[in-house]
Amino acid sequence: MTNIQNKPKKILLVDDDIDLLEQNKVLLESKGYAVVTAENVKDALDIFKKEKPDAAVLDLIMEEHDSGFVLAHKIKRDSYGKTIPVVLLTSATYITGMKFGVSTKEEQEWINCDAWFNKPINIDELSGKLEEFFDKQGI
Amino acid sequence: MEEYKPRVIIVDDEKGLRVGTQRLLQSENYIVDTAENGTEGIRMATGREYDLAILDLKMPDVDGITVMKEILAVFPNTVCFIATAYASFETAIEATKLGAFTYIPKPYTPDELLRNLRAGMEKRMLVLEAESLKREREERMLELAFEKTRLNLIINSIADGVFVINRNGELVLFNPAIAKYFELNNIFIGEKILGILPEKVTEQLNIILNKPEYENKSYTAEVEMKPDREFMIEVKCSPVRHPDGTVAGVVTVVRNITEMKKVEFLKSQFVSMVAHELKTPMAAVIGFLNIILNPELKTTPEKQADYMNRSRGRLQGLLEMVNDLLDISRMEMKTKQRELKELSIDDIVKGTVEFLELEIKKRGIEVESEYQENIPGIMADNNELTRLYTNIIGNAVKYNKDNGKIRISVRTQGNYIVTKISDTGIGMKPEDKAKLFSEFFRIKNDYTRNISGTGLGLSIVKRIAESYSGKVEVESEYTKGSAFTVYLPYTAG
């Protein structure tokens with residue numbers, strides 16, 4: 001699914017695993033998106049403010065187990081951030097020992113993310129979901 | 001079996017009769033003693049027990065009836081005969097009333113005497129047998145009572161809870177642990193208990209109570225008495241049966257399984273963590289392969305080579321992790337055979353530094369060592385200690401700055417050999433230090449992003465040190481460096 005508009009949509013991609021970060025970057029770029037990346041929450045917030053991405057794709061578990069949640073929460077609380085889709089990537093095997101999951105409605109509401117995908121991601125599903133959001137936003 | 005010889009005493013002041021009777025009875029296989037007057041008779045027949053006593057009624061000092069009373073007071077089962085020349089009906093009645101078996105009129109014929117003695121002996125045997133049966137029964141009752149108290153004491157001392165209910169659900173027996181486990185105060189024998197027990201327990205009890213047919217099966221349930229695994233019990237209910245097989249009631253054993261459940265939870269948490277740690281590098285490798293193999297992405301040969309190198313690195317890391325996990329599992333299961341030898345810590349530390357020489361040189365790191373003289377040997381497994389020092393000194397290299405320093409000192413302190421390894425590396429924050437020895441914990445920051453590791457190295461170090469009754473201490477200052485101190489008792493092993 002190639003982006004038909006002239007200006008490619010900008011995606012903020014955050015993952016502390018540099019290999020997975022690169023792979024998802026390549027895959028998103030292959031779908032015609034412009035990708036900005038960060039490896040930790042602090043950089044991610046800086047880049048988010050500077051770049052004003054059209055969507056954010058965040059890994060759930062980073063340095064601290066709840067980093068992905070915290071980041072999603074912070075973006076969604078931002079006046080600009082709440083207008084863009086935020087997608088969380090989760091590792092389905094990692095359930096126990098965590099304070100949060102995204103399996104219950106309460107957790108989803110609290111995190112307020114727009115979608116979540118199990119890793120490894122299927123790029124067609126991810127870009128399909130992103131396009132759905134963009135279509136809804138009418139941009 | 002030798003025939004039993006009845007023991008007889010003859011008390012008579014008439015010498016002829018005394019001696020004559022004695023001879024007669026001895027020839028008939030009796031053991032015979034004689035006394036020539038009442039006083040002597042009393043002394044002898046109360047001093048030891050005789051089967052039979054032939055007592056002359058009229059004696060100058062004490063009469064036969066008195067002698068008999070004295071004897072019976074001490075040995076009530078001695079069969080007494082009153083011999084009298086003045087036999088009258090009244091005397092006979094009087095004598096038997098007072099406890100004589102019968103009276104023998106004087107003079108008596110041998111046959112008459114022997115017949116009477118045999119009858120008396122028969123009576124005595126019956127009495128003795130009855131007595132011994134009675135005694136046996138009393139002893140058994142006593143034993144039973146003792147057994148019951150003992151059983152109660154044992155049941156009350158069991159840490160596990162035990163209770164028994166009958167078919168009506170009434171409490172028949174319970175020990176104090178039951179009250180504790182179910183938080184029941186004032187429960188009593190006969191109380192209908194089904195309603196006040198946790199539902200899950202009542203369910204198990206009812207299954208058995210409602211199953212009248214013969215079934216030799218216990219029912220087990222785990223009950224969470226306090227939420228979040230704070231207090232968990234296991235109840236095991238088994239039928240108690242009448243001899244004909246019908247259910248008489250249920251015996252239930254209640255066990256505190258809180259600790260077991262906690263360990264179980266930690267274990268599954270660990271498994272989940274391991275699965276995650278194994279999955280991540282595999283996912284990275286598959287991700288790279290998918291990109292290389294996808295013709296639409298048109299990756300350049302340079303990029304492909306880069307991805308393959310990175311994949312190899314991830315697989316290498318995966319292999320190291322699996323090896324670490326196997327080591328940990330061997331340590332946990334204690335299947336690893338230790339080869340205890342007297343080892344020199346100096347040699348092991350020097351060997352480890354040599355082993356890491358290439359990496360040390362590459363990073364321009366300077367190693368300073370200081371070994372105290374005459375460090376005692378230590379009984380330990382060479383592989384384990386080498387692993388311990390390789391992990392710590394390896395970290396000092398890995399997390400050091402380029403052109404940094406490592407200081408190693410080996411000395412004794414009390415009963416310990418103390419090895420201190422300090423580096424001028426990236427150090428760590430106090431909050432990271434606290435988690436340092438946990439499995440899979442790795443400090444993630446800008447400094448460490450390009451350093452590979454399994455997150456198991458220090459956890460292995462800790463396990464090895466502790467298995468030798470030693471310990472590991474850490475000091476660290478963020479961005480300045482860390483120091484690891486290993487204490488190993490040299491009496492260990």
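Student: In this predicted model, is strand β1 of chain B buried or exposed?
Tutor: Buried: 5 of the 5 residues of β1(B), residues 7–11, are buried, so the strand is largely enclosed by the rest of the structure. Buried means under 20% relative accessible area, exposed over 50% and partly exposed in between, with a 1.4 Å probe and protein chains only. Strands (E, at least two residues) and helices (H or I, at least four) are DSSP runs numbered from the N terminus.

Student: Which way do the side chains of β1(B) point?
Tutor: Arg7(B), Ile9(B) and Val11(B) point one way, Val8(B) and Ile10(B) the other, and all are buried. In a regular strand the side chains alternate between the two faces of the sheet.

Student: What does β1(B) pair with?
Tutor: Strand β2 of chain B, residues 31–35; the two run parallel and are joined by 5 bridges. Two strands pair if DSSP finds at least two bridges between them. Arg7(B) stands opposite Ile31(B) of β2(B).

Student: What are the ground rules for numbering and cut-offs here?
Tutor: Residues are numbered from 1 along each chain as its sequence is written, and chains are lettered from A and ligands numbered from 1 in the order in which they are written. This is a predicted model, where local features need pLDDT of at least 70, side-chain atom pairs count only at pLDDT 80 or more, and totals for chains, interfaces and linings use all residues; side-chain values use heavy atoms, with hydrogens and water left out.

Student: Switching to chain A, what is its pattern along the sequence?
Tutor: Chain A reads β-α-β-α-β-α-β-α-β-α, with 5 helices and 5 strands. Of its 139 residues, 51% are buried.

Student: Where does helix α1 of chain A meet chain B?
Tutor: Helix α1(A), residues 18–30, packs with helix α9(B), residues 301–333, at an angle of about 145° and with the axes 11 Å apart. Axes are lines fitted to C-alpha atoms, for helices over the stretch in contact, and angles run from 0 to 180 degrees between N-to-C directions.

Student: Which residues meet there?
Tutor: From α1(A), Ile18(A), Asp19(A), Glu22(A) and Val26(A); from α9(B), Lys303(B), Tyr307(B), Arg310(B) and Arg314(B). Contact means heavy atoms within 4.5 Å. By class, the contact has 3 nonpolar, no polar and 5 charged residues. Ala, Val, Leu, Ile, Met, Phe, Trp, Tyr, Cys and Pro count as nonpolar, Asp, Glu, Lys and Arg as charged, and the others, Gly among them, as polar.

Student: Is Arg314(B) buried or exposed?
Tutor: Arg314(B) is buried, because its relative accessible area is 18%. Leaving aside neighbours within four places in sequence, Arg314(B) is in contact with Asp17(A), Asp19(A), Thr280(B), Pro281(B), Ala284(B) and Val285(B).

Student: How many disulfides over all chains?
Tutor: The structure holds 0, a disulfide being a pair of cysteine sulfur atoms within 2.5 Å. Cys80(B) counts as buried, at 0% relative accessibility. Cys237(B) is also buried, with a relative accessible area of 0%.

Student: What about the backbone, say from Lys106(B) to Pro107(B)?
Tutor: That peptide bond is cis, with omega near -10°. Pro107(B) lies in the loop between β5 (102–105) and α5 (110–157) of chain B.

Student: Which residue other than glycine has a positive phi in chain A?
Tutor: Lys52(A) is one, with phi near 45°. Lys52(A) lies in the loop between α2 (41–51) and β3 (55–59) of chain A, and counts as partly exposed because its relative accessibility is 47%.
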